[in-house]
Amino acid sequence: MAKKKPKVSDNVIVRNKRASFDYQLLETFEAGVSLMGWEVKSLRMGKAQLTDTYVMMKNGEAWLLGAQITPLDTASTHFVTDPTRTRKLLLHKRELAKILAATAQKGQTCVCTQLYWKGHLVKARIALAQGKQSHDKRDTEKDRDWGRQKQRIIRDNVKQ
């Protein structure tokens, strides 16, 4: 009798795959996200999008811009539900200082790479990033395609 494997729950809500393609990710941080109740409910249903998101430093605080959380149809009518509102990121002072110093340098920015659950809290993984040139992107695609080809060759040779 075969035993069932326990199902591993994936705690990732949404990933920003475009960030790793467009940028070279240098250093990552874990940040809390200040959300409203309707946003948490929408995240539980997986209604979030992180394409074109970035982190802006203002008055010594970090803010998440461009994240879209679509409100549910059942959201209360007395709430003003703005899907693309600016959300505050909760970080330690040391981390804020490091991000501020890095983004002050030319060519570096801070992007959000994923939102995930940590217990009952929503966390954002943000990364200091440096923009890739177009030839770097082509190299990344070539490496990815070659990896797929290797897997196909191995799989076909193992079957025979």
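## Helix α3

Helices (H or I, at least four residues) and strands (E, at least two) are DSSP runs, numbered from the N terminus. The model is a predicted one, in which local features need pLDDT of at least 70 and side-chain atom pairs count only at pLDDT 80 or more, whereas totals for chains, interfaces and linings use all residues. Residues are numbered from 1 along each chain as its sequence is written, and side-chain values use heavy atoms, with hydrogens and water left out.

The buried residues of α3 are Leu-96, Ile-99 and Ala-102. Viewed down the axis of α3, the buried residues fall within an arc of 135 degrees, so they line one face of the helix; the arc is that of the directions from the helix axis to the C-beta atoms. In general, an α-helix has 3.6 residues a turn, so residues three or four places apart point the same way. The cover over the buried residues of α3 includes β2 (23–33), β4 (54–58), β5 (61–65), β8 (108–118) and β9 (121–131), contact being defined as heavy atoms within 4.5 Å. As for its length, α3 has twelve residues (93–104), which at 1.5 Å a residue should span 16 Å, and its end C-alpha atoms are 16 Å apart, in agreement; the expected span is 1.5 Å times one less than the number of residues.

## Helix α2

In helix α2 (residues 37–44), the residues Trp-38, Glu-39, Ser-42 and Leu-43 are buried. Down the axis of α2, these buried residues fall within an arc of 140 degrees, so they line one face of the helix, while the face turned away from the buried side carries the exposed residues Lys-41 and Arg-44. Among the elements that cover the buried residues of α2 are β1, β3 (48–49), β6 (68–69), β7, β8 and β9.

The helix α2 lies across β1, β7, β8 and β9 and runs at about 75 degrees to β8; axes here are lines fitted to C-alpha atoms, for helices over the stretch in contact, and angles run from 0 to 180 degrees between N-to-C directions. After α2 comes Gly-46, whose phi is positive, near 80 degrees.

## The open sheet

Seven strands form an open sheet in the order β1-β8-β9-β2-β7-β5-β4, with antiparallel pairing, two strands being paired if DSSP finds at least two bridges between them. At the edges stand β1 (12–15) and β4, each of which pairs on one side only, and the twist from one strand to the next averages 40 degrees.

Strand β9 pairs with β8 in the antiparallel sense over ten bridges and with β2, also antiparallel, over nine bridges. Ala-129 in β9 stands opposite Thr-109 and also opposite Leu-25. The hairpin of β8 and β9 has two residues between the strands, and in this hairpin Gly-119 takes a positive phi near 70 degrees. Two bridges join β2 to the antiparallel strand β7 (residues 87–90), where Leu-90 is the bridge partner of Gly-32.

## The nonpolar core

The largest nonpolar core has 28 residues, and those with the most contacts inside it are Leu-43, Leu-89, Leu-91, Ile-99, Leu-115 and Ile-126. Such a core is a set of buried Ala, Val, Leu, Ile, Met, Phe, Trp, Tyr and Cys residues joined through side-chain atoms within 4.5 Å. Two or more residues of this core come from each of β1, β2, α2, β4, β5, α3, β8 and β9. Leaving aside residues up to four places away in sequence, Ile-126 touches a set that includes Phe-29, Val-55, Leu-89, Leu-91, Ile-99, Cys-110 and Cys-112.

Glu-30, found in strand β2, counts as partly exposed at 33% relative accessibility. Residues up to four places away in sequence not being counted, Glu-30 touches Leu-91, Glu-95, Tyr-116, Lys-118, Lys-123 and Ala-124. Between Glu-30 and Asp-52 there are 22 residues of sequence separation and 19 Å in space, C-alpha to C-alpha.

Asp-52 lies in the loop between β3 and β4 and has a positive phi of about 65 degrees although it is not a glycine; at 64% relative accessibility, Asp-52 counts as exposed. Asn-59, in the loop between β4 and β5, is likewise not a glycine and has a positive phi of about 55 degrees, and its relative accessibility of 72% counts as exposed.

Definitions and conventions. Buried means under 20% relative accessible area, exposed over 50%, partly exposed in between (1.4 Å probe, protein chains only).
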